[in-house]
Amino acid sequence: MIDTHQLKKRDLYLNKILAFQDTEPVKVVTGIRRCGKSSLLKLMTLHLKENGIAEDQILEMNFESYAFKNMNSDSFYQYVREHIIPNKRMYLFFDEVQRVPKWEDAINSFRVDFDCDIYITGSNAKLLSGDLATNLSGRYVTFTIYPFSFAEFVEASRDIGLNEPLSGTFQRYIEIGGMPGATAFLQSRDAALRYLQDIYNSVLIKDIVKRHNIRNVDLLE
């Protein structure tokens, strides 16, 4: 569960998505693991609530949750259908949706059957544009999210009380980069690097190796 009090504003990306609010295309947020996709969806739901959308019109599903572990496209569709409020526009947010087998069948059905605005995220290579073109029949728009820029990194550093000279902050940025999760460890370089190593291993093994059936992982590294 994301602590909404700790969310970092990312207006650059949020404003791009807001420009497509209540339009037909499925809004697809992609990017490397842990770059802030889930947080961006949470920022979007907060924006909706602050602008008069009732909570029961917003359905959020994070498929990293054990609660949705065994879902397939049929149970996915049924779950959403049971939460649809008749005669109201629904806002559907699906995080890491690629974990659901044949998820695209359910997403396409939501578009046809319900009055809804759909947002999905995924870091897995299955959400690359070539697959999306087939799975969603071209009815989507993608937003690629990147780690923190240097300006965002500076703001995150100040949020945790690091008021060092800008040159020092830049050196820290060069060392650990802009992965949002790493900024929680800015006061411990070793902890930040350990966190980044875990992300690297996840990307290498879970995304690249599995996606392309690579056998010689040592050579790839």
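A: V203 lies in helix α8, which covers residues 189–212. The model is a predicted one. Is V203 buried or exposed? Its relative accessibility is 17%, and because the limit for a buried residue is under 20%, V203 counts as buried. Leaving aside residues up to four places away in sequence, V203 touches I32, R33 and I208. L186 is 17 residues from V203 along the chain, and the C-alpha atoms of the two are separated by 22 Å.

Next comes the sheet. It is open, has 5 strands in the order β2-β3-β4-β1-β5, and its pairing is parallel. The edge positions are taken by β2 (58–62) and β5 (140–144); each has a single partner strand, so one side of each is left without a neighbour in the sheet. On average, and with direction ignored, neighbouring strands are turned by 15° against each other. In general, the strands of a sheet pair through backbone hydrogen bonds, in either a parallel or an antiparallel manner.

Strand β3, residues 90–95, is joined to strand β4, residues 116–122, over 5 bridges in the parallel sense. Within this pair, F94 stands opposite I120 of β4.

Helices pack on these strands. Helix α2 (residues 37–50) touches β1 (26–30), β2, β3 and β4, and its direction makes about 165° with that of β3. Helix α4, made up of residues 103–113, lies across β1, β3 and β4 and runs at about 160° to β4.

A helix pair remains to be described. For helix α6 (residues 150–159) and helix α7 (residues 166–176), the axes come within 10 Å and cross at roughly 110°. Angles of 65 to 115 degrees count as roughly perpendicular, and α6 and α7 are therefore roughly perpendicular to each other. The crossing of α6 past α7 is right-handed.

Which residues make the contact between α6 and α7? From α6 they are F150, F153, V154 and S157. From α7 they are L166, T169, F170, R172, Y173 and I176. By class, the residues of this contact comprise 7 nonpolar, 2 polar and 1 charged.

Notes. Residues are numbered from 1 along each chain as its sequence is written. This is a predicted model: local features need pLDDT of at least 70, side-chain atom pairs count only at pLDDT 80 or more; totals for chains, interfaces and linings use all residues. Side-chain values use heavy atoms; hydrogens and water are left out. Two strands pair if DSSP finds at least two bridges between them. Helices (H or I, at least four residues) and strands (E, at least two) are DSSP runs, numbered from the N terminus. Axes are lines fitted to C-alpha atoms, for helices over the stretch in contact, and angles run from 0 to 180 degrees between N-to-C directions. Contact means heavy atoms within 4.5 Å. Angles under 35 degrees count as roughly parallel, over 145 as roughly antiparallel, 65 to 115 as roughly perpendicular and the rest as oblique. A crossing is left-handed if the near helix is turned anticlockwise from the far one by less than a right angle, and right-handed if clockwise. Ala, Val, Leu, Ile, Met, Phe, Trp, Tyr, Cys and Pro count as nonpolar, Asp, Glu, Lys and Arg as charged, and the others, Gly among them, as polar. Buried means under 20% relative accessible area, exposed over 50%, partly exposed in between (1.4 Å probe, protein chains only).
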